[in-house]
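User: I'd like a close look at one part of this model before I set anything up. Could you walk me through it in one go?

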Amino acid sequence: MSGETTPSQTVGPYFSIGLGWLNRCDLARGASGGERVTIRGRILDGEGQPVPDACLEIWQADAHGKYAQPENSQEKSPAQGFFGFGRMPTNDRGEFSFTTIKPGSVPGPDDRPQAPHLEISVFMRGLLRRLVTRLYFPNDPANPADHVLNLVPVGRRATLIARPLAEDPHILEWDIRLQGEHETVFFEC
Amino acid sequence: MLRYRRPAPGTQPELLHPPYVSSIKRAPTQPLIQLPHTLSETTGPSFSKEVVPPKGFDLTRQHKGEPLGERIVVSGRLVDEDGRPVAHSLVEIWQANAAGRYLHKVDQHDAPLDPNFTGMGQTLTDEEGRYRFVTIRPGAYPWRNHYNAWRPRHIHFSVFGPAFATRLVTQMYFPGDPLLEFDPIYNSVPVESARKRLISIFDWATTTPEIALGFRFDIVLRGRNATPMER
């Protein structure tokens with residue numbers, strides 16, 4: 001059997017029935033070492049209204065830049081206890097929050113290193129396909145040369161970079177804006 | 001530099017599909033930026049047997065009694081576009097009960113909840129990419145998208161496949177459902193032949209005498225490019 005990829009459909013309003021059993025908001029649990037960060041923010045629709053029925057999924061490398069997957073050809077071995085997958089719903093105020101370890105650099109095109117980043121899928125009622133975006137870390141020296149960031153128009157890059165809280169640099173804020181002046185950059189994956 | 005082929009034009013829904021009213025304020029308005037496939041997109045989470053509840057495949061045995069409704073077996077294969085089985089991949093499903101009601105605080109449809117039915121299931125595909133669920137046929141239910149709007153009977157499916165790039169959430173429909181013609185979510189897929197692949201097939205082979213009707217729903221994930229790092 002072969003054929004074309006099955007079409008995507010929306011998760012609808014009731015996805016928590018089927019997806020909630022695998023919620024993971026603490027990706028750092030069980031990991032030893034690495035820089036712990038908490039990332040929090042809101043998802044806002046085209047009218048600036050918070051989206052209370054969205055779900056985020058995270059996929060990321062460990063602190064050494066290694067993905068926890070058997071097919072990963074990198075010669076590094078993954079950090080003990082770090083899986084790199086997260087899933088979290090937004091709450092009634094459209095807010096999400098998760099804690100993780102800042103990933104290391106992973107190879108990109110031409111084996112040039114990529115700046116540390118998280119891969120993010122966004123699901124919600126109203127989205128017929130998932131949205132794909134990336135979250136980058138503030139003031140990382142690798143950001144200016146990152147291949148993917150450089151594909152993004154200069155004026156929109158800031159939507160992909162989290163902002164540290166002045167009182168605690170290990171708490172980062174990052175909002176997802178679906179539309180409007182500061183619409184988040186989304187990718188065709 | 002794409003490890004996974006992009007879907008053919010018209011075989012996936014557009015993000016903005018005005019007949020589906022919720023898409024209007026939620027679909028991005030800026031063009032999507034083409035993401036190269038790096039290790040970040042070609043790897044993805046794989047879930048072990050320990051994570052998945054052993055009886056997650058049987059939605060009729062999660063409570064003391066049996067749920068009301070028509071018992072069905074839903075099974076199929078998870079393959080890629082080249083027909084290669086996608087083995088050991090997590091499949092999650094969720095659905096309404098036989099009366100068309102979800103066990104969810106937001107669902108206010110005036111239809112009864114079933115104390116013996118939660119409507120969630122999960123399993124891993126086997127070596128050949130096969131999966132199998134036992135459940136009940138979900139009911140149709142009204143929604144507020146437009147006047148007299150009813151969703152056709154459907155089961156939500158979530159699959160991962162081998163990579164971040166292959167992640168897919170979809171819905172399975174039932175053959176002969178008269179509501180499909182009027183459903184903006186089903187009809188958001190432009191090409192008819194692609195849309196029809198969301199409809200399961202009644203299947204004698206998995207229909208179990210005296211027990212349950214069988215429906216087959218094969219799920220196809222993106223195929224790999226011939227050259228792993230093609231330019």
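Which residues make the nonpolar surface patch of about 240 Å²? And what goes on where chain B is in contact with chain A?

Analyst: Keep in mind that this is a predicted model. The patch you ask about is made by L16(B), V21(B) and I24(B). Of these, I24(B) sits in the segment before β1 of chain B, the strand at 33–34, and it counts as partly exposed because its relative accessibility is 37%.

Now for the interface. On the chain B side, 86 residues are in contact with 75 residues of chain A. The area buried between the two chains is about 6800 Å², and carbon and sulfur atoms give 59% of that.

On the polar side, the rule finds 39 residue pairs in polar contact across the interface, both residues at pLDDT 80 or more. It also finds five salt bridges between chain B and chain A. In one salt bridge, the side chains of R167(B) and E57(A) meet at 2.6 Å, N to O. Several elements of chain B give two or more residues to the side that touches chain A, including β1, α1 (39–42) and β8 (154–159). The largest share, five residues, comes from β9(B).

Note on methods. Residues numbered from 1 in each chain as written. Chains lettered and ligands numbered in written order. Predicted model: local features only at pLDDT ≥ 70, side-chain atom pairs only at ≥ 80, totals over all residues. Heavy atoms only, no water. Patch = residues over 30% accessible without salt bridge, like charges linked within 9 Å, V, L, I, M, F, W, Y side chains within 5 Å. Areas by Shrake-Rupley, 256 points an atom, 1.4 Å probe, with all protein chains shown as cover. Salt bridge = Lys/Arg side-chain N within 4 Å of Asp/Glu carboxyl O. Helix = DSSP H or I, 4+ residues; strand = E, 2+ residues; numbered from the N terminus. Buried < 20%, exposed > 50% of the residue type's maximum accessible area, 1.4 Å probe, protein only. Contact = heavy atoms within 4.5 Å. Buried area = accessible area lost by both parts, 1.4 Å probe. Polar contact = N/O pair within 3.5 Å; in protein donor to acceptor, adjacent residues only side chain to side chain.
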